[in-house]
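Here are some comments to read alongside the structure, arranged as numbered points. Please keep the sequence and the 3D view open while you go through them.

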Amino acid sequence: MTEHSDIDRVSGRATTGHEWDGIKELNTPLPRWWVITFYTTILWSIGYWIVYPAWPLLWSHTTGIWNYSTRAEVATELANLGKVRGDKMVALGAAPLAEIAKDPALLALARASGKTVFGDNCAPCHGSGGAGAKGYPNLNDDEWLWGGSLDQIMQTIQFGARSGHAKAHESAMLAFGKEGVLKKDQIVTVANHVRSLSGLPTSSGYDAAGGAKIFADNCTSCHGDNGKGNQELGAPDLTDTIWLYGSDEATLVETISNGRAGVMPAWVGRLDPSTIKALTVYVHSLGGGK
Amino acid sequence: MNKTVDPTELQVVDDGPLYAARKKVYPQSVSGTFRRIKWGLMAFCLGVYYLLPFVRWNRGLGAPSQAVLVDLPNSRFYFFFIELWPQEVYYFTGLLIVAALTLFLMNAVGGRIWCGYLCPQTVWTDLFYAVERWVEGDRRERMRKDAAKETIKLRRVGEIVLKHSIWLMIAWWTGGAWVLYFTDAPTLVMQLLIFQAPMIAYIWIGILTATTYVFAGWMREQVCVYMCPWPRIQAALTDEWALNVTYKYDRGEQRTSLKKANELRALGEPVGDCIDCYQCVAVCPTGIDIRNGPQLDCIQCGLCIDACDAVMTKIGRETRLIGYDNDINIHRRQEGKPPIYRIVRPRTITYAAMIAAVGAIMLYALLTRTLLDINVLHDRNPVAVKLADGSIRNAYTVRLLNKRGFDRVIAIDMDGPVNATLHVVGADSVTKDRPMIILARDTTTELRLLVTAPAENNPAKSIPVHFHVTDIGLGEVASATDHFVSP
């Protein structure tokens, strides 16, 4: 350290020798313990360079002699989590669907795990609580396009509807207007007939007998003679109070004119079998399961 | 060169160092009434602390059989016949209020009874002093040995090692007993003996070993004087009637030796009973002079009373020159009036009444607490579901609590919208309109309940719905209210 012979008369301590308008700065060196600690941390950091990944190279970085990696740590933790979950999920995968729904412990596990999977994969269309939206079925009610039993729900989740998977539900509502099967006024008439099926009011002066005729000629093959629908074909029940796209005349005219072919993706291969099982039980337990 | 102030003109006020170095205290051994009380209470307190985890209590199969147990993994607290769940932790609030009020009451009656006799800091420090005395000798011997630092002999090193070993052993067992309250004690003792105990047990034993060793072996009276808030609070709570360890200066001043007192008396000068022998100072565990009056450092352990009584008996004077007393009586005696003691006075009556009231409330809460409970949470999304036939369904998540030590069958009843039906998801009950569920013992069960009501009979937007669960065997009932909402 530099020696300063300039001693401040008041405090009796050495100054730095600097002077500003007659004011001098006292020399107050850092405490020795602080300096030692400071240099120790520098030495310590060299140890870090050696054992941990530290220096960036052109295309990669030094890995350190301990081969430590945060990514590897995450992978290990995920593997451990898988082990913890493993036994239970194996039990879930092995049990038949009907048994899961009746075993309180398995049901609780399936519901908890299913809820998470639902939130991650299904909620964007069906809503976080499965309440659905226009064109996306409400999974809480008791109206099912493709069937609401455990097996039917699992079938739909696995392969989807019009998803491109070989086993997917394929049939779709025809575009009667676009294809030129029905004329505009016929479509309006049959739309009013469809409204009458579930007791909704019809527009004044509509041709009831004509509507019934058009319905019998064009719609009953899928929706059934009395409009009760057919789950084999995904044809909805037209006599109940639940409407996927809406029950007003304009919406019905649109549906009949342009057809409907909503898509549900296939989840087989994207979710593992026991997860699909959990999801099935969860959706079934929302309340609408048959 | 600039003009500077002449140092000799400066006024330097030196108050000395900011922190005074600690003067080590060497309390002398003493015997007498209060020492015997302290030994007795020490044995009692340590006995309870070390033995309580081993007391067994039969709670039936599958439940822990330890009388006092804090079961953290399962979130249960057991105290003999009481089992508390996490949501009942507020009972501890009541317990803490009673503890605080008891402290106030003790203070109003006899000063720092807690500090002098019962506080863990006092009990363990007293024990550590006893060990030190046994290994190194009494006050004078210890002072001499500490002063003679330059001539450290093997024997002295042996003494120091022995003392600290015993201290550490006591400290280790202090932590060792602490962890026994958190798991089955005999099992853990076995695990500790074969070094198979869980890591967390060793960590806590380590922590408590360190705190005990440092607090009772090294810090001692400094904990009471500098760290503890109670001396400050106590000073604010005390009143003129509280009995404190007091030097009774009404028995005369000045204090001088027996021989000199006789000479002074012959000259007609006033002389007190105190012969200035400093025995009260020698035995004091906080190293103070009680004759200076009430002071923050005094933990009122009563050992100076024993020391003074022994001296007074020896020289044939009346004992209790130091004793439990207050200034009022000192003044009364100086005026020639008899002393009066008012243990029962508004302050003590108030404290006692408050203790009784809080205790009664706690007892009432404990006796009337439910062992069967129900919590209902309405589905938020969707709030209501319209079914194909037009009826409305609401779903509820219901959590049932069975605090009893056995499984039981409960029936669920619902009282809400007109003609509504109740269904429990995943439960195939033989009684369709009154679902029955088995509740596992000592746990909670979550169910999904569906209430369906025909829309035409229930036009209101929101109708209250009551859920009742009834224990079929015992008849216990728990209820909860929520709402049935129409879209």
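**Notes on the predicted model**

1. In chain B, strand β2 (residues 76-79) is joined to β3(B) by three bridges, and the two strands run antiparallel. Please bear in mind from the start that this is a predicted model. Within this pairing, B:F77 is placed opposite B:L84, a residue of β3(B).

2. Strand β9 (residues 408-415) of chain B pairs with strand β13 (residues 462-471) of chain B in the antiparallel sense over six bridges, and B:D413 can be found opposite B:H468 in β13(B). The pairing of β9(B) with β11(B) is also antiparallel and runs over four bridges, with B:A411 opposite B:M436 in β11(B).

3. A further antiparallel pairing links β4(B) to strand β5 (residues 322-325) of chain B through four bridges, and here B:N244 has B:D325 in β5(B) as its bridge partner. Which residues cover the two faces of β4(B)? On one side there are B:N244 and B:T246, on the other B:V245 and B:Y247, and all of these are buried, so that both faces are covered.

4. The domain assignment divides chain B into domain 1 (33-236), domain 2 (241-334) and domain 3 (372-484). The C-alpha centres of domain 2 and domain 3 of chain B are 76 Å apart, a value worth checking in the 3D view.

5. The largest nonpolar core contains 41 residues, and those with the most contacts inside it are B:C280, B:L303, B:C304, B:C308 and B:I322. Several elements of chain B give two or more residues to this core, among them α2 (90-110), α6 (154-180), β4 (244-247) and α13 (303-314). The element that gives the most is α13(B), with six residues. Where does this core lie in relation to domain 1 (33-236) and domain 2 (241-334) of chain B? Both domains give residues to the core, so it lies between them.

6. B:C304 deserves a look of its own: leaving aside residues up to four places away in sequence, B:C304 touches B:V245, B:C280, B:V283, B:C284, B:I290 and B:I322. There is also a second, separate core, with 22 residues, which includes A:L106, A:L139, A:I153 and A:V283.

7. Helix α1 (residues 33-51) of chain B packs with α13(B) at an angle of about 145°, and their axes are 7 Å apart. The residues that meet are B:T33, B:F34 and B:R35 in α1(B) and B:L303, B:I305 and B:D306 in α13(B). Sorted by class, this contact has three nonpolar, one polar and two charged residues.

8. Between the chains, 22 residues of chain B are in contact with 23 residues of chain A. On the side of chain B that touches chain A, β7 (385-386), β8 (392-402) and β12 (443-453) of chain B each supply at least two residues, and the largest share, three residues, comes from β12(B). By class, the residues of this side of chain B divide into nine nonpolar, five polar and eight charged.

9. Finally, in chain A, A:T16 belongs to strand β1 (residues 15-20). Is A:T16 buried or partly exposed? With 13 other C-beta atoms within 10 Å, A:T16 is partly exposed, since a residue counts as buried if 20 or more lie within that distance and as exposed if 12 or fewer do. A:T16 and A:P29, which are 13 residues apart in sequence, are 9.9 Å apart in space from C-alpha to C-alpha.

Note on methods: Residues are numbered from 1 along each chain as its sequence is written. Chains are lettered from A and ligands numbered from 1 in the order in which they are written. This is a predicted model: local features need pLDDT of at least 70, side-chain atom pairs count only at pLDDT 80 or more; totals for chains, interfaces and linings use all residues. Two residues are in contact if their C-beta atoms, placed from the backbone, lie within 7 Å. Ala, Val, Leu, Ile, Met, Phe, Trp, Tyr, Cys and Pro count as nonpolar, Asp, Glu, Lys and Arg as charged, and the others, Gly among them, as polar. Two strands pair if DSSP finds at least two bridges between them. A nonpolar core is a set of buried Ala, Val, Leu, Ile, Met, Phe, Trp, Tyr and Cys residues joined through C-beta atoms within 7 Å. Domain bounds come from an automatic or database domain assignment. Axes are lines fitted to C-alpha atoms, for helices over the stretch in contact, and angles run from 0 to 180 degrees between N-to-C directions.
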